[in-house]
Amino acid sequence: MPKKDTVTITDNATGKTMECPVLHGVHGVPVVDIQGLYKNLGYFTHDPGFTTTSSCESRITYIDGDEGVLLYRGYPIEQLAEKSSYLEVCYLLLYGELPTPTQWQDFEARIRKHTMVHEDGRHFLRGYRRGAHPMGMLVGLTGAMSTFYHATLDVGNPEHRNRSAMRVIAKMPTLAAFIYKHGVGQPYVYPNNKLSFVENFLNMMFSVPAEEYVPDPVAVKALELMLILHADHEQNASTSTVRLAGSSGANPYACIAGGVATLWGPAHGGANEAVIKMLHAIGDAKEIPKYIARAKDKNDSFRLMGFGHRVYKNFDPRAKLIRKACYELLDKLDASEQPIFEIALQLEKIALEDEYFISRKLYPNVDFYSGIILSALNIPLSMFTVMFAMGRSVGWISQWMEMMGEPNQRIGRPRQIYSGAAKRDYIAIKERD
Ligand code: CMC
């Protein structure tokens, strides 16, 4: 049959029809363009959770969930994880190509220039009580960045947008480390621009004025991998939030704050923290069947954290890479996280053989393992989702840049099915029963 590039929608009630164009991306499932549906047939579409809705056209990231493929700007995640660095991936996501040596030098220098945070911004931390959740502080601090850079907040100006992107990428590690230091009550450590991006972050996190600190190359490599794997993931909940916020013309820092807030939820980035809590709660491999049974019980809200994904119905390719890194890391570092990893491996094995998980295509996702890496690097549990946010900040800002650069960019505004009270008249309080 010849390929027909339209889909005909017939309204059985009226007999009216509408031809909808079918759009083809470079890869992926064809997409039916239903934009004229309301005008032609008088209907909206209904798709809660956006399970089959494409919200935008993007050239940044491609996922094939059935095959377990993840490409950044066309490059397979496996190649980038092996050969690239987080900062080079940032360049790639932002500008679409790997940098030439000159472009790379220029980019690195620009990022280094922006690593410091305005002192007044740092003082905000004093307002947070000790024990405040780091993600709560990060939501506040990222939003607050918009109050410091008034001169470059014209979202219609490409140079301002680019400057904001540099600031977001460069300052995220500084904010994250300051948040940690606030929590543990140690002196804040300023960025050291002689160090690489990841070394600088570890230095700000773990060095103290009283002692010399040299970042462990094993830790640097593991963290670099974790950041690369989290750098972007197309139109996930937090990225869609950033785009939706940005579609109103809001400034980039406010949009990123929205992304951080969305990421915090345990169904999204908060899963890395939830996984470790779950593994500790299991405590012993003997207890695993009890937890599997709970996950399968429809009357119990418990889910196996780190399992399942909206898009991946095959192994999450990021999970494969990070699982391997877990083995390597626990071999090399003081393996205090080894017992948790053993429980994770047994849980994974039992779940992967269970009909409930097989039939629903529930595989371990990236966050099933990322917490184990972060624990082994001595990053405290409450900081895990901040680490995810640090990696994902480049994805958020790249997607925002792409959207803001589009000539026909419009405000995002979904519709709804109204199921509340029908129109009725106001009754004075005295007349109500
Ligand atoms: N444990 C037990 N059952 C599950 C799980 C799980 N982790 N995940 C999904 N299911 C079941 C669910 O109950 C449903 O069963 P049924 O068809 O009988 O009603 C079926 O699988 C489909 O689930 P869904 O909720 O419709 O799937 P979704 O695409 O809406 O949700 C998800 C995806 C990731 C939110 C979900 O799998 C989940 O809550 N996983 C645990 C949290 C987690 O690990 N999140 C991190 C995602 S990866 C990091 C990131 O990029 O955010």
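Predicted model: local features only at pLDDT ≥ 70, side-chain atom pairs only at ≥ 80, totals over all residues.
1. Let's start with the second largest pocket, which holds about 410 Å³ of space. Its lining is made up of 17 residues. If you want to find the middle of it on screen, look for Ala81, Lys221, Leu225, Ala325 and Glu328, the lining residues that lie nearest the centre.

2. Which helices build that pocket's lining? Helix H2 (77–83), helix H9 (217–230) and helix H14 (317–332) each put in at least two residues. H9 gives the most, with 7 residues. By class, the pocket lining splits into 9 nonpolar, 7 charged and 1 polar.

3. The largest cavity has about 100 Å³ of space, and 14 residues line it, with Arg112, Thr115, Leu195, Phe197 and Asn200 closest to its centre.

4. Helices matter for this lining too: H4 (101–113), H7 (158–184) and H8 (197–206) each supply at least two residues to the largest cavity.

5. Around it you'll find Val117, His118, Gly121, Phe124, Leu141, Ala144, Met145, Phe148, Tyr149 and Leu175. What classes do they fall into? There are 8 nonpolar and 2 polar residues, and no charged ones, in the lining of the second largest cavity.

Technical notes
Residues numbered from 1 in each chain as written. Heavy atoms only, no water. 1 Å grid on protein atoms, 1.4 Å probe; cavity = no way out; pocket = protein on both sides within 12 Å on 5 of 7 lines; lining within 4 Å. Points joined across faces, edges and corners; volume = space filled by probe spheres on them. Helix = DSSP H or I, 4+ residues; strand = E, 2+ residues; numbered from the N terminus. Nonpolar A, V, L, I, M, F, W, Y, C, P; charged D, E, K, R; others polar.
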